[in-house]
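Please read it alongside the model.

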Amino acid sequence: MEKKQKIRKILCTVFSFLMSITLFVTALLSVLHFTLLDRDYFAEKVEKSGYIDILHQKLVDELANEGYVSGFNEEFFARIITTDSVKGPVLSAVDKIYGTGEYKSAPKEELAQTLTDVFVKDLEDRGVTVDDEQKKHIEGFADECAEYFSTSARLPFISIGESLVRNVKPLAKYALIFT
C-alpha cells in the first residue's frame, strides 16, 4: 500500500511539473504572439525607441565628415538626408522580418543622382565653376555617399529576425488555440 502511495506521489509530482512547464510555455508564446511577433507592435517600438532618429543623425554625421573638406557640412546633409528617407528602408526591413513585404533598401542610383545635382548646384551657388573632371569626382563622391546610406539605413540582423519570427509564430498561434 505504501508503495502505491509513493508511486502515486511521484507521478503527481511529475505530472504537476509537466503541467507547470506547459502552462509557462503557453503563456510565454501567447505574450510573444501579441508583442514581438506582431509586426505593428514591433514597428511602433522601432519608431518610439528613437532608433530612426539616432540612425538619421549617425548618417548625417558620417556623410558630413566625408564632405567637410568640400564645404558640405552637417546642416547641408541634414537637408538632403531626412528622417523620412531613413524611416522607409527601416520599416521595409520590419516588413521583411514579418513576411509582409520585401526589403527595399534606399535606391542608390536615384540617391546618387540627387546628391550629384545638389552638390553641383551648391558649388555653383558658391561661385565655383564645375568642369567635366570635377563633375566626375562629384559623381564618385555622390556614389560613395549613396552606397553608405543604402547599406546603413536598415535594421541589423534582418535574416536572423526573419528566421525567428518564421519559426516561432506558428508555435504561438497553436498556444493561443489551446488556451
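Thr22 is partly exposed, with a relative accessible area of 45% (buried means under 20%, exposed over 50%, partly exposed in between; 1.4 Å probe, protein chains only). Thr22 sits in helix 1, residues 2–34 (helices are DSSP runs of H or I, at least four residues, numbered from the N terminus). This is a predicted model, where local features need pLDDT of at least 70, side-chain atom pairs count only at pLDDT 80 or more, and totals for chains, interfaces and linings use all residues. Residues are numbered from 1 along each chain as its sequence is written, and side-chain values use heavy atoms, with hydrogens and water left out.

- Thr22 and Ala175 are separated by 153 residues in sequence.
- In space, their C-alpha atoms are 9.7 Å apart.

**Thr116**
- Thr116 belongs to helix 6, residues 108–125.
- Thr116 counts as buried because its relative accessibility is 3%.
- A polar atom of the Thr116 side chain lies 2.8 Å from the backbone oxygen of Ala112.
- Leaving aside neighbours within four places in sequence, Thr116 is in contact with Lys135, Ile138, Glu139 and Ala142 (contact means heavy atoms within 4.5 Å).

**Helix 6 against helix 7**
- Helix 7 covers residues 132–152.
- The axes of helix 6 and helix 7 come within 8 Å and cross at roughly 135° (axes are lines fitted to C-alpha atoms, for helices over the stretch in contact, and angles run from 0 to 180 degrees between N-to-C directions).
- The two helices are therefore oblique to each other (under 35 degrees is roughly parallel, over 145 roughly antiparallel, 65 to 115 roughly perpendicular, and the rest oblique).
- Their crossing is right-handed (the near helix is turned clockwise from the far one by less than a right angle).
- On the helix 6 side, the residues that meet helix 7 include Leu111, Leu115, Phe119 and Leu123.
- On the helix 7 side, Phe141, Cys145 and Phe149 are among those that meet helix 6.

**Asp122**
- Asp122 also lies in helix 6.
- Asp122 is buried, with a relative accessible area of 18%.
- Beyond its neighbours within four places in sequence, Asp122 is in contact with Phe72 and Phe76.

**Cysteines**
- The structure holds zero disulfides (a disulfide is a pair of cysteine sulfur atoms within 2.5 Å).
- Cys145 counts as buried, at 2% relative accessibility.
- Cys12 counts as partly exposed, at 43% relative accessibility.

Notes: A polar contact is a pair of N or O atoms within 3.5 Å; within protein, one must be able to donate a hydrogen and the other to accept it, and residues adjacent in sequence count only if both atoms are side-chain atoms.
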